[in-house]
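Here is a short report on salt bridges. Please look at the sequence and the model first.

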Amino acid sequence: MNTDQLLQVRKDLHQIPELGFQEFKTQEYLLNVIKNMDQSNLEIEQWKTGIFVLVKGKNPSRTIGYRTDMDGLPIQEQTGLPYTSIHPSNMHACGHDLHMTIALGVLDRLAHNPIEENVLIVFQPAEEGPGGAEPILASKLLDKWQLDMIFALHIAPELPVGTISCRSGILFANTSELYLDFTGKGGHAAYPHLTKDMIVTASAFVTQLQQIISRRVDPLDSGVITIGKMTAGSVQNIIAETARLEGTIRTLKPETMNQIKNQLEQFIKGFEISADCKIDVDYGANYYQVENTDRYVKQFSNVVTSLGYSYIDANPAMTGEDFGYFLKEYPGFMFWLGVDSAYGLHHSMLNPKEGAIEVGVNSVVEMIRSL
Ligand SMILES: CC(=O)N[C@@H](CCC[C@H](N)C(=O)O)C(=O)O
């Protein structure tokens, strides 16, 4: 595939973002592209809406893994690009369209020119939620390929094209989704004393919640609690009987995640007593930290600089990635790929520069060849 064909693939994928485990069109599109490649060295397997492609090595003694995610986000795109999403309310606002395109570019190069070792490319669904990595690993499907290592990338809007960033150890946080359902007693807006107002209670809860971070977590440790969605009420003169908060918890250590959840449950008990209500908590999908293997990060930094790209050391980030589950099982790493967008990840105006695709393909292919 030449550069123009890859850029077209990215535009096509950008137009059809689908949510986790609904990546049906995406899977079909990817399979069409893969089936148009030289098949002589390829073995293709489907798993739910995901795909595994093995590029058979010439004289293999090892199998190297490379993973891309596939899903979009429930965001209405505002970029105004000519190839804007045609799926209302869904957008590739986390760069998975670029991630998939780079994986296809890598696959195409290796299919034409296999290396000694086997290479398994994993197209993984549902990274944004509910998580595809854990069920892939639980399925034991990967066991037959006996991966020796695996790596992956994530676009970095704040870095210029041609810059790559990585670090040994923790790159991304532990995450837990957070869903809180408040149930009280509704009633007439003029008679608050006869009700248990869940808008007032949930609002107080949102602000008090931040005390867990500021007054319970060691200041030398790190934690984030974000409530991204609040739903309550039906009309301006009725007191809301129920309210729902949706958010996420992030920590750099698994123990801190447990500590925050314990504290949260204490807060819940206190609020249930003081507001005379019921609060149900659900932690949804939980992702394990992305912890990079030192020796591969060092090797990769040499590969990047030998290609003439800039390599900078990354700080740990509070973003989450279920690729962490792969790294719990196998050595490897994830890296940031600069895409120079004025708007960040999960923003409706995210607009990564296409030049990053070539940088990504070259870096991944050269890393695989160096292993
Ligand atoms: C790279 C990135 O942005 N990943 C997502 C992962 C979401 C995990 C889960 N749905 C949650 O919200 O906790 C992120 O938001 O960091």
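Buried means under 20% relative accessible area, exposed means over 50%, and partly exposed lies in between (1.4 Å probe, protein chains only). This is a predicted model, where local features need pLDDT of at least 70, side-chain atom pairs count only at pLDDT 80 or more, and totals for chains, interfaces and linings use all residues. Residues are numbered from 1 along each chain as its sequence is written, and side-chain values use heavy atoms, with hydrogens and water left out.

R244 is partly exposed, at a relative accessible area of 28%. E246 is buried, at 19%. The two form a salt bridge, that is, a side-chain nitrogen of Lys or Arg within 4 Å of a carboxyl oxygen of Asp or Glu.

The search of the whole structure finds 13 salt bridges. Among them are these:

| Pair | Closest N and O atoms |
|---|---|
| R10 and D97 | 3.0 Å |
| D322 and R67 | 3.0 Å |
| E246 and R244 | 3.0 Å |

R10 and D97 link distant parts of the chain, 87 residues apart. R10 sits in helix α1 (residues 3–15) and D97 in helix α3 (residues 96–112). Helices (H or I, at least four residues) and strands (E, at least two) are DSSP runs, numbered from the N terminus. Both R10 and D97 are buried.

D322 and R67 are buried. Shared partners extend the picture: salt bridges join R67, D69, E321 and D322 into one network.
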